[in-house]
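Me: I would like to learn how to read a protein model step by step. Could you take me through it, giving the general idea before each case?

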Amino acid sequence: MVRWHPLPVLLIGMLTLASRATAAQQDAAWRAAQVAAAERSEQIMATAARRKDLLDQYRVMMDAASAAPAEDRVFNIIFSQYLSWYQSFIGDYPNAQASYSIGQPAQPDDAPSPLAAGWRMQDARVAIARLARGRRVVLFNEAHNVPLTRTLTVAMLATLRAEGFNYFAVETLYGDDHALAKRGYVTADSGFYTREPIYAEMVRSALRLGFTVVAYESDQPGTADERERTQARNLYDRVFRRDPRARLVVNAGYAHIQESGAYLGGRSMAQYLQQLDGIDALTVEQTMLIPHPQATQDHPWYTAAMATRHPDQPFVFVDRDGKPWSLRPGYDVSVFFPPPRLRRERPTWLGLWGLRRPYFVSGDTACAQRWPCLVEALPANEGDDAVAADRLLFDPPPNPPPLHDRVRPLRGATAGELYLRPGVYRLRISGADGRVSVRRNVRIPAR
């Protein structure tokens, strides 16, 4: 059962700001429509949460999206974010981002382009490792429905652990999963975003590396500013008050990590944390300079950098002295992610920049041509309640397809690839009735 999820107030706030473009969108009717759409979205997700398995929950969300009239613009905008979370949960990453995408137009306070003289491109992992030396806190942010923005964090964990960081705090992890450290992996009841495989891999990796994983989410109702304040207080109380010598890595959403400026009518979690502990954190911004489903949504500096540098790894810009470039005030460094390359309709960034390898799955064989069919890979040493290391949903359209067919994972293909670290996994294959039809072990060899 889903007990907590991101604040609808945040989405409503963004829509309210966007609506200022025209006077007609400022009236009470528009704001009331936003509230009604958020409440309706909540009700649909609550209905989905009562279903027994993830595939059934996803189908509830997809059916609601398909049934919504195109002219119901406010609901479609708000519900698209809810839908995108579930698309990411079942491993349908291209459609998750297509459903809900925040464009990045140029802003007045943007820094000048780093393509100007004096800045050079550097591998993000190398630069962040150097910048983190001697720091007590490193803050990474993410776009919740774009797990691309989690991949660098996962890839950096081993380096940061070797540097001496020993606590890892993640947003929306439930504080009452007291068996997490002993168990070594998250379950569907461990948190909200942790149901997504790369997020689960982030926590799994941290535990294996010896980090103490900390839940810091606010579980109290209140304003957005109260949530920020409570998150910071939880981090301080659960890490630095208990261990004054602690070194902390934090994963948070969007502008929770900004170190200056107003945020949602108050201050950000990072600002409140600095007020409490006096520590100057390294803030790594990962949500602005990313590829979008439509190139027109990309930031102009991103477009220019991709056209001239042609990267295949996340990177940053630094000057001759090693000082990092940041797009906006309030962050220490901005990360550029390369455009996605699709292989069998899945982005190759699922390889986590060299940590994981593709494993071919034939849906026709594994699923015996019974659709929809969810294929999950669970580490062999983890229980059946573990969130999978990766998932594939095969859901080809019927023949002939419906007149108004819904979005299909893998574009309807019946073959795909799971991305897995070297090791032994248990493949679990289940259908629309929730029954597990096949369980078999596979081994992913080391390179």
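Reply: Let us begin with overall size: the radius of gyration is taken over C-alpha atoms, and the globule rule is 2.2 Å times the number of residues to the power 0.38. This is a predicted model, in which local features need pLDDT of at least 70, side-chain atom pairs count only at pLDDT 80 or more, and totals for chains, interfaces and linings use all residues. Residues are numbered from 1 along each chain as its sequence is written, and side-chain values use heavy atoms, with hydrogens and water left out.

Me: What radius of gyration does the protein chain have, and what would a compact globule have?

Reply: A compact globule of 447 residues would have a radius of gyration near 22 Å, and because the protein chain has 21 Å, the two agree. Along its principal axes, the C-alpha trace spans about 60 × 60 × 45 Å.

Me: How many of the residues are buried, as a percentage?

Reply: Buried means under 20% relative accessible area, exposed over 50%, and partly exposed in between, with a 1.4 Å probe and protein chains only. By that rule, buried residues make up 56% of the 447 residues in the protein chain.

Me: How many helices and strands does the protein chain have?

Reply: Helices (H or I, at least four residues) and strands (E, at least two) are DSSP runs, numbered from the N terminus. The protein chain comes to 13 helices and 16 strands.

Me: In which order do the strands of the open sheet stand?

Reply: Strands of a sheet pair through backbone hydrogen bonds, either parallel or antiparallel, and two strands count as paired if DSSP finds at least two bridges between them. Here an open sheet of 6 strands has the order 4-3-5-2-6-8, with parallel pairing. Strand 4 (212-215) and strand 8 (333-334) stand at the edges, each with a single partner strand, so one side of each is left without a neighbour in the sheet. Within this sheet, strand 2 (residues 137-142) pairs with strand 6 (residues 282-285) over 3 bridges, and the bridge partner of Leu-139 in strand 6 is Thr-283.

Me: Which way do the side chains of strand 7 point?

Reply: In a regular strand the side chains alternate between the two faces of the sheet. In strand 7 (residues 315-318), Phe-315 and Phe-317 point one way and Val-316 and Val-318 the other way, and all are buried. Strand 7 pairs with strand 1 (residues 120-123) in the antiparallel sense over 4 bridges, where Arg-120 stands opposite Val-318.
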